[in-house]
Amino acid sequence: MNVNWVRIQNKYDNLCLICGKIVKRREWVDWLTDNGIRHVDCGEIFDEAELLQLKALGYFVRGKYEDGREFYKKAINLFSSIKIDPDKSRALMVVTDAEEIELDIPIPQDEDEHNEFKDSWEFEQEIDDLRRNKLFDAVKEKEQSSLQRIKSKQLDITKSVCAFLNAQGGNIWLGISDRREVIGLDGDYSSINNSNKRKFDVLTQKISNVFGKYLQKNYALEIHYIPHQTKTGKEILQIKIDALNQMDEPAYIHVEGKKIPYVRKHSSDMPLNDPEEWYHYRIKRFTNLKS
Ligand SMILES: [Zn+2]
């Protein structure tokens, strides 16, 4: 992974993203903006294991399965040398074999033109871990930027909805991490206290309110909320978005007085800011060119 870890002296007791264990104040750590910290040792081993995993993948892709397996095994062994706390580590997916994920639904292998994975709607697992470990200084620090992070995540999800509407439709899988780890909806459910209503209904209502705010239209016919359950009992939400009809008006994201059309390209949501580019896209995709 090409990310910028910075070596700093830890400001307060916190949890290591890799092993999930406590890192003491003043200890030297690697820090990643908006993510957290990791032990220097854990980081070195993890990066090395990830590199081996990439090499393995390279061999698999070229059909050299024996070599691929060899590197994959090395990666697993290396990663297993870190003593991790399975409940708190954020790095477990390295040892999660794809076959171990037992699902009763055909979740795609990867994000693509029609599929987007999101771990949660508003729940932040890391803050929860810190709180359970009574690391309240770290909780406070994280919480200060929490609202902003959640807001921008929800806007991102709405951009995907907009892009799917304008392109050829798709699914947002809520409760699945972008590395296809099954997280479930329990985190998002934990903040819902209204016992008169089904938690599923409350959550989908929250989601559809945010969609309505940014899209400035209620796409009730196009957006479907479908609950699923995995074999291990975790709940997943499939938000299924149908493509707009060619007679419809395109969908836009409305923020700060601007309206921006999004389209789906491969596994990304792209704003079509350039008027000419958007004009050509519209002519091909939509027959109605009134606005
Ligand atoms: Zn660690």
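Two strands pair if DSSP finds at least two bridges between them. Strand 4, residues 28–32, and strand 5 are joined by four bridges and run antiparallel. The model described here is predicted, and the protein has an average pLDDT of 88. This briefing covers confidence, an open sheet with its helix, a pair of packed helices and a hairpin.

**Confidence**

- A pLDDT of at least 70 is reached by 93% of the residues.
- Over residues 93–101, by contrast, pLDDT stays under 50. For this stretch the model has 11 contacts beyond four places in sequence.

- Three strands make up an open sheet in the order 1-4-5, and their pairing is antiparallel.
- Strand 1 (6–9) and strand 5 (36–39) each have a single partner strand and stand at the edges, so one side of each is left without a neighbour in the sheet.
- On average, neighbouring strands of this sheet are turned by 45° against each other, direction ignored.
- Within the pairing of strand 4 with strand 5, four bridges are present; Val-29 has His-39 of strand 5 as its bridge partner.
- Helix 1, formed by residues 40–61, packs on the sheet and touches both strand 4 and strand 5. The direction of helix 1 makes about 85° with that of strand 5.
- As a general point, side chains in a regular strand alternate between the two faces of the sheet.

**Helix 3 and helix 4**

- Two packed helices are described by the angle between their axes and the distance between the axes.
- Helix 3 (residues 125–132) packs with helix 4 (residues 136–144) at an angle of about 160°, and their axes are 8 Å apart.
- Because angles over 145 degrees count as roughly antiparallel, helix 3 is roughly antiparallel to helix 4.
- The two helices, helix 3 and helix 4, cross in a left-handed sense.
- Helix 3 contributes Glu-126, Ile-127, Leu-130 and Arg-131 to the contact, while helix 4 contributes Ala-138, Val-139, Lys-142 and Glu-143.
- Of the residues in this contact between helix 3 and helix 4, four are nonpolar and four are charged, with no polar ones.

- Seven bridges pair strand 8 (residues 223–229) with strand 9 (residues 235–241) in the antiparallel sense.
- Strand 8 and strand 9 form a hairpin, with five residues between them. In the turn, Gly-233 has a positive phi of about 90°.

Methods. Residues numbered from 1 in each chain as written. Predicted model: local features only at pLDDT ≥ 70, side-chain atom pairs only at ≥ 80, totals over all residues. Axes fitted to C-alpha atoms, helices over the stretch in contact; angles between N-to-C directions. Contact = placed C-beta atoms within 7 Å. pLDDT = per-residue confidence, 0-100. Parallel < 35°, antiparallel > 145°, perpendicular 65-115°, else oblique. Left-handed = near helix turned anticlockwise from the far one by under 90°. Nonpolar A, V, L, I, M, F, W, Y, C, P; charged D, E, K, R; others polar.
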